[in-house]
Amino acid sequence: MSCIEKILERRSVRKYKKDPVSKEVFNKILEAGRRAPSAANRQPWHFIVVTDEEVKRKLASGRFNSFIKDSAFTIVGVSMPYDSVSERWGVIDTTMAMQNMVLAAEVQGVGSCWIGDFREDEVKNLLGIPEKGKIVALISMGIPDEKPSEKRKKNLGEIVHFNHW
Ligand SMILES: Cc1cc2nc3c(=O)[nH]c(=O)nc-3n(C[C@H](O)[C@H](O)[C@H](O)COP(=O)(O)O)c2cc1C
């Protein structure tokens with residue numbers, strides 16, 4: 001399947017098999033994040049990869065994130081600004097790096113789900129993230145054990161404007 005087909009068929013996956021993700025595949029996912037574009041190449045991102053069962057269980061305490069505990073690993077994306085450029089763009093840079101990881105996972109047969117259901121202060125405490133860091137989101141990943149149907153997406157006609165709103 002071509003890359004574009006994979007992108008179009010991506011779904012948020014919340015059920016995972018117990019199978020591990022190979023080191024090679026895992027490394028390419030992280031590499032895809034590392035190579036993402038960033039404003040003025042500041043690369044203000046940090047990624048905490050949570051594989052520890054106990055820590056995953058603690059992260060999975062929200063209403064909409066219980067599947068974290070079944071993930072092979074969950075990535076916590078942190079923007080760590082260190083100048084005015086990274087202050088202004090850090091969250092966007094980090095978001096793009098994380099979506100690069102989602103797509104790198106997808107094309108290699110690894111399912112994922114973005115997670116906004118977390119308490120920033122609690123996750124910072126749990127993982128020892130410095131005060132200045134901004135947690136952008138979490139992404140759980142693992143070998144899919146479900147094939148979700150497509151969510152309704154807005155038509156292009158509703159969202160695209162040519163030359164003028
Ligand atoms: C920033 C962001 C936060 C999200 N937070 C959650 C979440 O906390 N729990 C969850 O189950 N899904 C979460 N999702 C997944 C969305 O529900 C999902 O992307 C959306 O319903 C569209 O489905 P699709 O990804 O299969 O196209 C989040 C997605 C994004 C982009």
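Residues are numbered from 1 along each chain as its sequence is written, and side-chain values rest on heavy atoms, with hydrogens and water left out. Since the model is a prediction, local features need pLDDT of at least 70 and side-chain atom pairs count only at pLDDT 80 or more, whereas totals for chains, interfaces and linings use all residues.

The ligand has 13 residues around it, of which Ser12, Arg14, Phe64, Gly116 and Lys153 come nearest; a residue is taken as near a molecule if one of its heavy atoms lies within 4 Å of it. The shell divides into five nonpolar, two polar and six charged residues, where Ala, Val, Leu, Ile, Met, Phe, Trp, Tyr, Cys and Pro count as nonpolar, Asp, Glu, Lys and Arg as charged, and the others, Gly among them, as polar. Polar side-chain atoms of several residues face oxygen atoms of the ligand: that of Lys153 lies at 2.7 Å, that of Arg10 at 3.0 Å, and that of Lys151 at 3.3 Å. A polar contact is a pair of N or O atoms within 3.5 Å; within protein, one atom must be able to donate a hydrogen and the other to accept it, and residues adjacent in sequence count only if both atoms are side-chain atoms. On its own the ligand has 620 Å² of accessible area, and the protein covers 64% of this; accessible areas come from the Shrake-Rupley method with a 1.4 Å probe, and for residues only the protein chains shown count as cover.

A disulfide is a covalent bond between the sulfur atoms of two cysteines. The structure holds zero disulfides, the criterion being a pair of cysteine sulfur atoms within 2.5 Å. Cys3 counts as partly exposed at 48% relative accessibility, whereas Cys113 counts as buried at 3%; buried means under 20% relative accessible area, exposed over 50%, and partly exposed in between, with a 1.4 Å probe and protein chains only.

The loop between helix 3 (53–59) and strand 2 (73–79) holds Asn65, and Phe67 is found in that loop as well. Helices (H or I, at least four residues) and strands (E, at least two) are DSSP runs, numbered from the N terminus. Asn65 is buried, with a relative accessibility of 1%, and its side chain reaches the backbone oxygen of Leu59 at 3.1 Å. Not counting residues up to four places away in sequence, Asn65 touches Leu59, Ala60, Ile115 and Asp117, contact meaning heavy atoms within 4.5 Å. Phe67 is likewise buried, at 9%, and, with neighbours within four places in sequence left aside, Phe67 is in contact with Arg14, Tyr16, Cys113, Ile115 and Ser140. Between Phe67 and Lys56 there are 9.3 Å in space, C-alpha to C-alpha, although the two are eleven residues apart in sequence.

In the loop between helix 2 (23–34) and strand 1 (45–50) lies Ala40, which has a positive phi of about 50° although it is not a glycine. Ala40 is exposed, with a relative accessible area of 54%. Gln43, placed in the loop between helix 2 and strand 1, has a positive phi of about 45° and is not a glycine either, and Gln43 is partly exposed, at 36%.
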